[in-house]
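Open the model in your viewer and keep the selection tool ready.

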2 protein chains.
Amino acid sequence: MMSNPQAIPLEVPVRRKRNPRGSLNKEVILAEAFRLCREENLDELSMPKLAKRLGVGVTSLYWYFHTKDELLQAMLAQVSDEFLQALPDHSGLTWDEHFRRYFTDMRRIFLANDVISDFLVMYTHVSMIAPGGYFMSRLNREVGILMDAGLSPQDATRGYQAMSTYTTGTVQKIRQVRLRGENPNLKMFPVDDLPVMSAIGAEYPNLLLTSEFWHRTYSTDVDYEFGLNRIIEGLRSLIP
Amino acid sequence: MMSNPQAIPLEVPVRRKRNPRGSLNKEVILAEAFRLCREENLDELSMPKLAKRLGVGVTSLYWYFHTKDELLQAMLAQVSDEFLQALPDHSGLTWDEHFRRYFTDMRRIFLANDVISDFLVMYTHVSMIAPGGYFMSRLNREVGILMDAGLSPQDATRGYQAMSTYTTGTVQKIRQVRLRGENPNLKMFPVDDLPVMSAIGAEYPNLLLTSEFWHRTYSTDVDYEFGLNRIIEGLRSLIP
DNA sequence: ACCTGAACACCGTTCAAGT
DNA sequence: ACCTGAACACCGTTCAAGT
């Protein structure tokens, strides 16, 4: 045992060895932030966690992004791009078939990529898509297809918004269930529990009749397509 | 100046005077929690803030609610009740007129009460409505109206879900805009800025044609009703 | 049985450094 | 110009008390 006559603390705090000058930049921070979101989720993204994964001091991040919100905005821009790139482009289809494909594709992209959903449909503290070029050219094209089908400019706009809102609405419900860690395939009623179901059925006959069709998420793929087709048929009824 | 020979700290920490025994209970905590949510919003609800408003120690709250989530669940139960109470009951209407009223009423309640929206459409960490009595009797009734109109049990269920998802989808978009402190009436394009609009119009003619119809929230009241009517017309097309 | 503060591990962010 | 830790005001929650 060594004596310690001058009361110098035995445990000298281990100072992280200083990282070299150009080791950090916006790109590597963004990439690691996305990796974190993919492994956990957007709610779990924090500056300290991110810094630890990168092996840098927390405050180093603030040199590149002055606030967490600035980082989120940069992520949002990248996510919007990725989303629009992933959305396929069809041609030569009738207007109704076009929108069936367009929105089921959109929904598929959201459901296959939770980070995209979190940024583009769930969250609120990241402000909406800045009308950049590609986004506007898409909108221009889609609303044009509805006008070519015979809808007025106003009805075309409203029609697009209705299909879009319905689509993101189903995505939101599924994402909520996933975030809660519940099984998205769960039904709403205990259809296999016969005593319970017959008790329900005694009081609520229509729920017994429909019990197998209610899902926690409110929307299987075919349920979604049913709803989308209702909007499309409803739009068709406006065409002279 | 008084001397302080025994090094007793001059500033004795002001101890809060102990609150009497029965001063706190679940009801007053819940009431204050709702007041806080109404004045700020659900995101701003924290245990320390709530305790300070009640004039009690933070930890006192944990005697009545073991976690913050337990408090949120209790609030959710109360909010669900309030929501279902507020939702009017019609009768003697045709099925299509019934659902027009039912869902515009639902939307009106959400938009008039942000706390209800936050619990029932925005949030995710509070798990969904436990199928209590009144909720199930409502569902039983509504799906019955669709079946009476001539839809199959499956289509009736899907139809209800489509209208419901579309409705909460529009509410979510509006709440997001409000939470960001933006003006919900703002249009998407700067329609009054003629130079900018003509530049947009040169590249995106359909957006120029429809520019006045795009809103940040994606849904004015009439836009919403347009979409709802599309679903209703789409459902009508399934009736023999 | 009910109410209390101290304490802990987390946040986002600021600041005054070091190199 | 870039990287650093100490420090601050916030969280939710635990614990060992006090009455």
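Helices here are DSSP runs of H or I with at least four residues, numbered from the N terminus. A residue is near the strand if one of its heavy atoms lies within 4 Å of it. H3(B) gives the largest share of this surface, four residues.

This is a predicted model: local features need pLDDT of at least 70, side-chain atom pairs count only at pLDDT 80 or more, and totals for chains, interfaces and linings use all residues. Residues are numbered from 1 along each chain as its sequence is written, chains are lettered from A in the order in which they are written, and side-chain values use heavy atoms, without hydrogens and water.

Next, select Arg18(A), Thr59(A), Arg21(B), Ser60(B) and Tyr64(B). Of the 27 residues around DNA strand C, these come nearest.

Now show the phosphate oxygens of DNA strand C. A polar side-chain atom of Ser46(A) lies 3.1 Å from one. For Met47(A), a backbone N or O atom lies 2.7 Å from a phosphate oxygen.

Move to where chain B meets chain A. Each chain puts 62 residues into the contact (heavy atoms within 4.5 Å). Two salt bridges cross this interface (a side-chain nitrogen of Lys or Arg within 4 Å of a carboxyl oxygen of Asp or Glu). Select Arg158(B) and Asp223(A): they form a salt bridge, with the closest N and O atoms 2.7 Å apart.

Finish on H8(B). This helix supplies 19 residues, the largest share of the side of chain B that touches chain A.

How values were computed:
Polar contact = N/O pair within 3.5 Å; in protein donor to acceptor, adjacent residues only side chain to side chain. Helix = DSSP H or I, 4+ residues; strand = E, 2+ residues; numbered from the N terminus.
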